[in-house]
Amino acid sequence: MIVRRGAFVVFEGIDGCGKSTQARRAARERGALLTFEPGDTALGADLRRWLLDAGPPMAPATEALLMLADRSHHVHTVIEPALARGDAVVSDRFFASTLAYQGYGRGVDLEDLEAATDLAIGSCRPDLTVWLDVSLEVANERRARDARDRFESADLDFHERVRVGYAALAARDPDHWTVIDAEGDEDDVARMVAGHLDALSWGDHG
Ligand code: TYD
């Protein structure tokens with residue numbers, strides 16, 4: 001039996017790379033469900049507050065497990081049901097964020113994170129992860145305009161490690177990742193993204 005399934009695309013990158021804007025555009029253009037992590041469920045909204053608001057320091061493993069709890073609930077209640085209906089899904093962040101931020105950024109063991117990811121999301125993997133790569137300087141300039149949360153005020157070294165992590169993840173799985181130079185203007189980046197999204201099957205609505 002052929003199971004109908006919409007495309008599942010994820011946008012990733014360091015804070016200030018422009019992924020929320022590009023995810024919104026891609027979802028609108030393709031008629032896909034737009035979602036995000038952490039926090040796009042009622043449970044997730046509570047977890048997001050604990051994760052991002054200034055509060056008592058949290059161990060990196062605790063932070064990772066809360067991100068994974070959010071993701072597991074998100075997959076089971078939002079992403080998988082949408083894909084099963086034949087809808088396409090565009091998510092602003094997914095499991096690579098935890099590998100990049102908590103793994104490469106904060107030093108949580110990568111194999112442990114991969115095992116926990118399997119537990120959290122099973123076989124629900126994106127067809128394509130679009131990594132919007134920008135230098136730390138450009139990301140910083142863009143972020144300087146916005147109020148910063150706990151992650152966004154983290155130091156430059158941290159964000160450099162996260163960026164290195166994304167590069168390693170993209171290199172490891174080139175069939176499911178694409179890297180876009182996202183330093184240019186929003187429309188140019190959107191055009192480059194669209195070139196890659198055109199190759200996917202967008203389910204019943206695309
Ligand atoms: P996000 O909502 O994308 O940032 P913004 O508020 O700028 O739109 O993500 C919030 C922060 O959470 C971001 O700094 C990255 C971090 N994060 C992790 O560290 N691990 C994760 O697994 C996820 C999903 C996000």
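Predicted model: local features only at pLDDT ≥ 70, side-chain atom pairs only at ≥ 80, totals over all residues.

Residues are numbered from 1 along each chain as its sequence is written, and side-chain values use heavy atoms, with hydrogens and water left out.

Let's begin at strand β3, residues 89-92. (Strands are DSSP runs of E with at least two residues, helices are runs of H or I with at least four, and both are numbered from the N terminus.) Val-89 and Ser-91 sit on one side of β3, Val-90 and Asp-92 on the other, and all are buried, meaning under 20% relative accessible area with a 1.4 Å probe, protein chains only.

Which strands pair with β3? Strand β1 (residues 8-12) runs parallel to β3 and is joined to it by 4 bridges; strands count as paired if DSSP finds at least two bridges between them. Here Val-10 stands opposite Ser-91. Strand β2 (residues 33-36) is also parallel to β3, again with 4 bridges, and Leu-33 stands opposite Val-89.

Now step back to the loop between α3 (60-84) and β3, where you'll find Asp-87. Is Asp-87 buried or exposed? Its relative accessibility is 18%, so Asp-87 counts as buried. Its side chain makes a polar contact of 3.1 Å with that of Arg-85; such a contact is a pair of N or O atoms within 3.5 Å, where one must be able to donate a hydrogen and the other to accept it.

A cavity is a set of points on a 1 Å grid where a 1.4 Å probe fits but cannot get out, while a pocket is an open set with protein on both sides within 12 Å along at least five of seven lines; lining residues have an atom within 4 Å of a point. Searching the whole structure turns up 1 cavity of 30 Å³ or more. The largest cavity has a volume of about 40 Å³, and its lining includes Gln-22, Arg-25 and Leu-197. Helices α1 (19-30) and α8 (186-197) each give two or more residues to that lining.

The second largest pocket holds about 160 Å³ of space. Of its 13 lining residues, Phe-95, Thr-129, Asp-173, His-176 and Trp-177 lie nearest its centre. At least two lining residues come from each of β1, α4 (95-105) and α7 (156-172).

Technical notes. Buried < 20%, exposed > 50% of the residue type's maximum accessible area, 1.4 Å probe, protein only. Points joined across faces, edges and corners; volume = space filled by probe spheres on them.
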